Amino acid sequence: MSWFKIPKLLENKEKNFSLFLNKNRCGGCQACVYVCPTGILEMGGELNMRIAYTPRVKEGKGKYCTACKRCEYGCPDWCIYILDESEKENMAKKAKA
Ligand code: SF4
Ligand code: SF4
């Protein structure tokens, strides 16, 4: 799967970043939920291909994500991460050139 198609858990248009989750790689360990300093993540009720529950953003709390990347650094499966959208746009431009 291309990283362009990995679903976003949230998008902050003002600060130009997004939080992505590669759902089917998630082992459901909940580390991201515990390390998030703003407490915006919770485990959802849907099982993925690994038969694990995956995290989601609490309703209405996406705006409190600070892009600190603690969830990204704490994830043992490398499946949740922050992406600077301006970098993504630059990469897309380079790929087309
Ligand atoms: S980047 Fe930081 S604030 Fe945002 S979800 Fe991850 S741990 Fe929480
Ligand atoms: S830390 Fe990674 S593997 Fe663990 S629940 Fe969060 S996204 Fe899934």
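The exercises below, with worked solutions, concern a predicted model of a protein chain with a ligand.

**Exercise 1.** Determine the order of helices and strands along the protein chain.

Solution.
1. The protein chain holds three helices and five strands.
2. Reading along the sequence gives the pattern β-β-α-β-β-α-β-α.

**Exercise 2.** Compare the radius of gyration of the protein chain with that of a compact globule.

Solution.
1. For 97 residues, a compact globule would have a radius of gyration near 13 Å.
2. The value for the protein chain is 14 Å, which agrees with that estimate.
3. The C-alpha trace spans about 40 × 30 × 20 Å along its principal axes.
4. Of the 97 residues, 21% count as buried.
5. Taking contacts between residues at least 6 apart in sequence, 58% join residues at least 24 apart.

**Exercise 3.** Decide whether Phe17 is buried or exposed, and list its contacts.

Solution.
1. Phe17 belongs to strand β2, which covers residues 17-21.
2. The cut-off for a buried residue is 20 or more other C-beta atoms within 10 Å.
3. Phe17 has 20 such atoms within 10 Å, so Phe17 is buried.
4. Leaving out residues up to four places away in sequence, Phe17 touches Asn12, Ala67, Ile82, Leu83, Asp84 and Glu85.
5. Lys61 lies 44 residues from Phe17 along the chain, and their C-alpha atoms are separated by 15 Å.

**Exercise 4.** Describe the residues that surround ligand 1.

Solution.
1. Ligand 1 is surrounded by 14 residues.
2. The closest are Cys36, Cys65, Cys68, Arg70 and Cys71.
3. By class, the shell consists of 10 nonpolar, two polar and two charged residues.

Notes. Residues numbered from 1 in each chain as written. Chains lettered and ligands numbered in written order. Predicted model: local features only at pLDDT ≥ 70, side-chain atom pairs only at ≥ 80, totals over all residues. Near = placed C-beta within 6 Å. Nonpolar A, V, L, I, M, F, W, Y, C, P; charged D, E, K, R; others polar. Helix = DSSP H or I, 4+ residues; strand = E, 2+ residues; numbered from the N terminus. Buried ≥ 20, exposed ≤ 12 C-beta atoms within 10 Å, placed from the backbone. Contact = placed C-beta atoms within 7 Å. Rg over C-alpha atoms; globule rule 2.2 N^0.38 Å.
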